[in-house]
Amino acid sequence: MRYQRFVALGDSCTEGLDDPYPGGAVYRGWADLVAQRLAAGNPDFRYANLGVRGRRLDQIIVEQIPAAASLEPDLVALFGGGNDIMSSGYSDRVVARRVDHAVRALTELAPTVVVFTLSDISKRMPFGWRMGPRIEALNDAMREAAVSYGAVLVDLWGDQAARDSRYFGPDRLHLAEIGHRQLAAHLLGRLDLAYDSAWLEPLPGVPARPSMVSNVRWVFEQVWPVVRGRVRNRLIGRQPGDGVLPKRPHLLPVTELQPVPGNA
């Protein structure tokens with residue numbers, strides 16, 4: 001099937017963190033890579049990316065899904081839920097309702113909808129065992145919604161790459177360039193479309209085990225600023241992602257991608 005109007009929704013992963021284009025002015029990510037593949041030999045193809053860092057599923061439902069509906073896509077991909085499971089006041093049932101609402105709404109506006117489970121980062125992160133049950137609950141909800149509403153599921157739960165730190169950026173959470181390439185390959189494969197086989201080739205060697213020093217540095221340089229920002233936001237009533245604009249809010253040819261100043 002040749003898709004003509006592709007819209008990507010979600011959070012920082014959809015926006016493309018941590019995979020900057022050369023020069024670092026804007027992020028690329030899996031959605032841009034998929035769009036480039038879909039645009040090959042298809043001059044009528046158009047692509048929009050509504051992903052915004054920090055957004056939860058309830059915010060995506062209110063902000064991004066109505067915007068996507070106005071674009072009348074024939075292909076939609078949603079990567080979200082990670083911020084929901086890291087939010088205070090987390091509830092399995094609340095997140096499951098959000099997943100069901102989002103997937104149902106998307107399948108009502110586009111003939112092909114792709115959704116993702118999250119990989120098991122709990123095995124790689126210090127204190128990650130606390131997140132494992134939440135990730136599993138989110139993934140179960142996403143699988144159930146995909147079956148119920150006929151969405152295409154990219155199931156990343158068993159992906160062994162999640163245990164390799166080289167696929168991730170300095171914060172050990174956001175995908176690096178090779179991680180985004182692998183995610184794009186998984187999506188294209190589920191749509192029975194060709195992709196660069198090198199994107200799924202395992203990395204040579206064995207990843208270095210993080211030392212006590214590197215773990216302490218990670219806490220102070222990556223974790224603490226996030227915790228401090230969340231506390232500040234809660235005090236002033238600000239939501240993560242407020243003030244950040246989608247990098248590509250309109251359907252445009254892939255060659256006409258324009259960075260949004262201030263988003264990188």
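I began with Arg172, which I found in the loop between S5 and helix H7 (177–190). The names follow DSSP runs numbered from the N terminus: helices are H or I runs of at least four residues, and strands are E runs of at least two. I note that this is a predicted model, in which local features need pLDDT of at least 70, side-chain atom pairs count only at pLDDT 80 or more, and totals for chains, interfaces and linings use all residues. Residues are numbered from 1 along each chain as its sequence is written, and side-chain values use heavy atoms, with hydrogens and water left out.

**Arg172.** Is Arg172 buried or exposed? Its relative accessible area is 13%, so Arg172 is buried. Buried means under 20% relative accessible area, exposed means over 50%, and partly exposed is in between, with a 1.4 Å probe and protein chains only. I then looked up Arg172 against Asp155: they are 17 residues apart in sequence and 20 Å apart in space, C-alpha to C-alpha.

**Helix H7.** I checked the length of H7 next. Its 14 residues should span 20 Å at 1.5 Å a residue, and its end C-alpha atoms are 20 Å apart, which agrees. The expected span is 1.5 Å times one less than the number of residues. Among the buried residues of H7 I list His180, Leu183, Leu187 and Leu188. The buried residues of H7 pack against H1, H2, S3, S4 and S5, where contact means heavy atoms within 4.5 Å.

**Asp192.** Just after H7, Asp192 takes a positive phi of about 60°. Asp192 is a residue other than glycine, and its place is in the loop between H7 and helix H8 (212–236).

**Glu72.** I found another positive phi at Glu72, near 50°, again in a residue other than glycine. Glu72 lies in the loop between H3 and strand S3 (75–79). Why does Glu72 count as exposed? Its relative accessibility is 58%.

**Helix H6.** I made the same kind of entry for H6, residues 132–149. Its 18 residues should span 26 Å at 1.5 Å a residue, and the end C-alpha atoms are 26 Å apart, in agreement. Buried residues in H6 include Ile135, Leu138, Met142 and Ala146. Their cover includes helix H3 (57–71), helix H5 (92–109) and strand S4 (112–116). After H6 comes Gly150, with a positive phi near 75°.

**A cis bond.** Which residues does the cis peptide bond join? They are Leu17 and Asp18, with omega about -5°. I place Asp18 in the loop between helix H1 (12–15) and helix H2 (29–39).

**Whole chain.** I counted eight helices and six strands in the protein chain. The radius of gyration is 18 Å, close to the 18 Å that the globule rule gives for 264 residues, so the chain is as compact as a globular protein of that length. That radius is taken over C-alpha atoms, and the rule is 2.2 Å times the number of residues to the power 0.38. The C-alpha trace spans about 50 × 40 × 40 Å along its principal axes. Buried residues make up 49% of the 264 residues. Of the contacts between residues at least 6 apart in sequence, 77% join residues at least 24 apart.
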